[in-house]
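Here's a quick briefing to read alongside the model. Have the viewer open and follow the topics one by one.

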Amino acid sequence: MNKSIMKKFQLVLMLVMVVCLLAGCKENTKNEEVPANTETSSSHYPVTITTYDGEGKEVTTVYEKAPERVLAVYQGSIETMLALGLEDRLVAAAGLDNEVDSSLKTAFDKVNYLDEFTPSKETVISLQPDMILSWGSIFSDKNLGNVDYWISNGCNTYINSNTRKNYTTRTLENEYTDILNLGKIFDVEEKAEEIVNKMKQEISDAEKKAETETEQKTVAVIEFLGDAITNYGQASLAGDMVTSLGAKLVAPEGSNISKEELVSLNPDEIFVVYMAYSGENGEDVKTANLDKVLKDPSFASLSAVKNGNVHAIMLGDMYASGIRTQNGIEAFSEGIYE
């Protein structure tokens, strides 16, 4: 083979190699994998949320990512996390007044439940949480201190809006907002909206029932505390539930009420608040509280007693209730309209 032919052969071979390399590079670029969820994560976070401190003042918190070591304290906080499918995010939980809802028990079995009803600051520090979800009362000097300490140490806080200090009006809207905010914090907004929309639908259905009534139903929500009778007025979450359902509170101003006043007001429906604390039989506690109306001769003349319209409602379903807000709405609606 002469030199001229050899050079032509080498030139062709080099061109073929270049074409193959270019094709290979293009194929590799085409098939290169993009890390999963990169776009989703960057588009959702950071998330800015307004919550409160121990004195009830607004606090702005920023989440660069979903918290991974959450401490949830008290019934509503724990069950709302479970209902949102976030049990794997809980480093610990504490403060249950009663058993979690049966639909949430499987999820709750995965959670580290503490012996301390209200965890001490030392216990919480040892858990190294990156978020604390609870009532406003836990952020006091005798418990965990104010939220500034935790936020400055890399642990965000979220206080149930209806438990903040110096707040005089507790509303359904606050419970909705808390659930929706948790949806934003953990990037599970669709699930949070589904839960809230179900509550709103129950309200809407009850409003339609109210329209068929010839007269607006009158309601009293009371709780026996020793010798006193507490009346839940318009400023309470229970009061907001009742009026949102289309009924009327007989004593909207709230505060204590006497037996004589209750008889004089003579509501169509009476709801007796009870709470079965840990170790107590819930049905026994409920019956005992109902009997304080049903078996007291002082109340024998009440229309609600005569007509079988005295109902029990659990405190946890109508105070800082979280996911249990649905239970409270349903209990009031069924008692008033069914």
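**Pockets, a parallel sheet and a covered helix**

The largest pocket holds about 450 Å³ of space. A pocket here is an open set of points on a 1 Å grid over the protein atoms alone, where a 1.4 Å probe fits, with protein on both sides within 12 Å along at least five of seven lines; lining residues have an atom within 4 Å of a point. Volume is the space filled by probe spheres set on the points, which are joined across faces, edges and corners.

Keep in mind that this is a predicted model: local features need pLDDT of at least 70, side-chain atom pairs count only at pLDDT 80 or more, and totals for chains, interfaces and linings use all residues. Numbering starts from 1 along each chain as its sequence is written, and side-chain values use heavy atoms, with hydrogens and water left out.

**Largest pocket**
- Its lining has 23 residues, and Asn98, Glu99, Ala276, Met314 and Arg324 are the closest to the centre.
- Helix H4 (105-108), helix H11 (282-294), strand S11 (310-314) and H13 each give two or more residues to that lining. Helices (H or I, at least four residues) and strands (E, at least two) are DSSP runs, numbered from the N terminus.
- By class, the lining splits into ten nonpolar, five polar and eight charged residues. Asp, Glu, Lys and Arg count as charged, Ala, Val, Leu, Ile, Met, Phe, Trp, Tyr, Cys and Pro as nonpolar, and the others, Gly among them, as polar.

**Second largest pocket**
- About 300 Å³ of space lies in the second largest pocket.
- Of its 15 lining residues, Ala83, Ser103, Lys198, Ile323 and Gln326 are the closest to its centre.
- H8 supplies the largest share of this lining, five residues.

**Sheet**
- Four strands make an open sheet with parallel pairing, in the order S4-S3-S5-S6; strands pair if DSSP finds at least two bridges between them.
- At the edges sit S4 (90-94) and S6 (156-159), each pairing on one side only.
- S3 (residues 70-73) and S5 (residues 131-134) pair over three bridges, and Ala72 has Leu133 in S5 as its bridge partner.

**Helix H9**
- H9 (residues 237-244) is mostly covered, with six of its eight residues buried (under 20% relative accessible area, 1.4 Å probe, protein chains only).
- Those buried residues are Leu237, Ala238, Gly239, Asp240, Met241 and Val242.
- Just after H9, Gly246 has a positive phi of about 95°.

Terms used. Buried < 20%, exposed > 50% of the residue type's maximum accessible area, 1.4 Å probe, protein only.
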